[in-house]
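Trainee: I have a new model open and would like someone to walk me through it. Could we look at it together?
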Amino acid sequence: MSSIKAYRFQLRLRPAQGAALRHIAGGLRWVWNQALAEQRARHARGERYAGHAEMCKWLTAWRNAPGTMWLSEGPVHPQQQVLRRLDEAYKRFFAKTGGLPSFKRRGKEPGIRFPDPKQFRLDVANGRIQLPKLGWVRMRMSQEFTGVLRNVSLTREGAGASARWSASIQVQTGETIAALGVAPTLGIDLGLSVFAATSQGEIVAPLKAMAQQQCRLHRYQRAVSRKQKGSANRRKAVARLANLHRKIARQRADWLHKLTTDLADRHPVIALEDLKVKNMSSCAKGTAEKPGKKVRQKAGLNRGILDAAWGEFRRQLGYKTQWRGGQTILVNPAYTSRTCRVCGYEAAENRKTQSAFICVACGHTEHADVHAAKNILAAGHAAWAKEQAPSPDACGGAVRRGRRASAGRAAPVKQEPTKEISHAAHG
Ligand SMILES: [Zn+2]
């Protein structure tokens, strides 16, 4: 069964955005009061009550009339929502389940509700939301959440300078449980010269822009260190560097979002190597299996950028597969790159070069990263089978090849518990 959940996030407004929100909220209060006055006047004249559609026509007229054109500076959908709420209040009154709607005083503005997910865009990775007439608004992403977006309401707590705005995001959950209990259908190996390889033979090259911008990053960093401490020039250089950092993070997130959405759409249950293990076991010197600095330099990406991208990739894949009712199963990557998936022979010599896997026992030859991804899928399968049937001897038959690989431990992506917030009837 699906259910509606609301998650509240505090907004981090720029001063101009705060002013714009107060203006919009003031407009909503005006719309409510004006429509209410109109209804009361009609009643006094003995005219029938005007329903929501008719009130929306009034709204259009107000937004175009010279004296009240300022209303059109605010988004139209929240204004229509206010009229819907007024209509509902009147219907309760007519049904004798509620009192006569009253005028709203200053400071008692209705919440700003955007009723349709088409009206806003959520950028979870960068902690921001794009809203009509407001642009991108930063949010404190204090909790993770899953579900299908439904609507968002902005509400104010407190007044004056201490006022804080928050966004309440409503999502529908539990609609896509179809993929639960489905075995993983894709394994993913994260690489250094390639960003990722899948068990279906797809190779994902790292984002070129990440490498290009790394040069600029170095230049800007040098510029900052050359400037005198406390000088205006240094402040400027620091701001420029911070801007570039944000830009890189945004580009990376956009690129990763496209990638992970596509993967999760096609494969709601994915086996992925556990990065933490990989990070801990890597060394500066490097081996064929886990190359050191030089390979990364060749790939054009430094460790920090790659680590951040891998971490973000895993995080996005984790919640996107969950949104689709599936999961991301994390697999210990030990031995997955050097155990032959055909005969099970495990040796470092199997990995002749960075890109070629050639088994010294049976001669099996394959793209090294794709081969590793297939081992990861097999290990994910074993972990999944164990999950389905908790008895210790039930998991034996699931994996036939790659003895060591199948022994790899696996765990579902850790998700922080989400806090359910009662969705009070604001907006
Ligand atoms: Zn072999």
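Mentor: What follows is a short talk about the helices and cores of this model.

Trainee: What should I know before I start?

Mentor: This is a predicted model, where local features need pLDDT of at least 70, side-chain atom pairs count only at pLDDT 80 or more, and totals for chains, interfaces and linings use all residues. Residues are numbered from 1 along each chain as its sequence is written.

Trainee: OK, how many helices and strands are there in the protein?

Mentor: The protein has 10 helices and 15 strands, where helices (H or I, at least four residues) and strands (E, at least two) are DSSP runs numbered from the N terminus.

Trainee: And what share of the residues is buried?

Mentor: Of the 427 residues in the protein, 33% are buried; a residue is buried if 20 or more other C-beta atoms lie within 10 Å of its own, exposed if 12 or fewer, and partly exposed in between, with C-beta atoms placed from the backbone.

Trainee: Which residues touch the most other members of the largest nonpolar core?

Mentor: They are Ile 188, Ile 270, Ala 271, Val 331 and Ile 376, in a core of 35 residues. A nonpolar core is a set of buried Ala, Val, Leu, Ile, Met, Phe, Trp, Tyr and Cys residues joined through C-beta atoms within 7 Å.

Trainee: Which helix gives the most to this core?

Mentor: Helix 9 does, with 11 residues. A second, separate core has 33 residues, including Leu 21 and Val 137.

Trainee: Back to helix 9: why is it described as largely enclosed?

Mentor: Because 17 of its 21 residues are buried, helix 9 is largely enclosed by the rest of the structure.

Trainee: Switching to helix 1, which of its residues are buried?

Mentor: Among them are Leu 21, Ile 24, Gly 27, Trp 32 and Gln 39. After helix 1 comes Gly 46, whose phi is positive, near 80°.

Trainee: What about Ser 102, is that buried or exposed?

Mentor: Ser 102 counts as exposed because it has 11 C-beta neighbours inside 10 Å. Ser 102 sits in the loop between helix 3 (76-94) and strand 2 (112-114), and its C-alpha is 8.2 Å from that of Asn 33, although the two are 69 residues apart in sequence.
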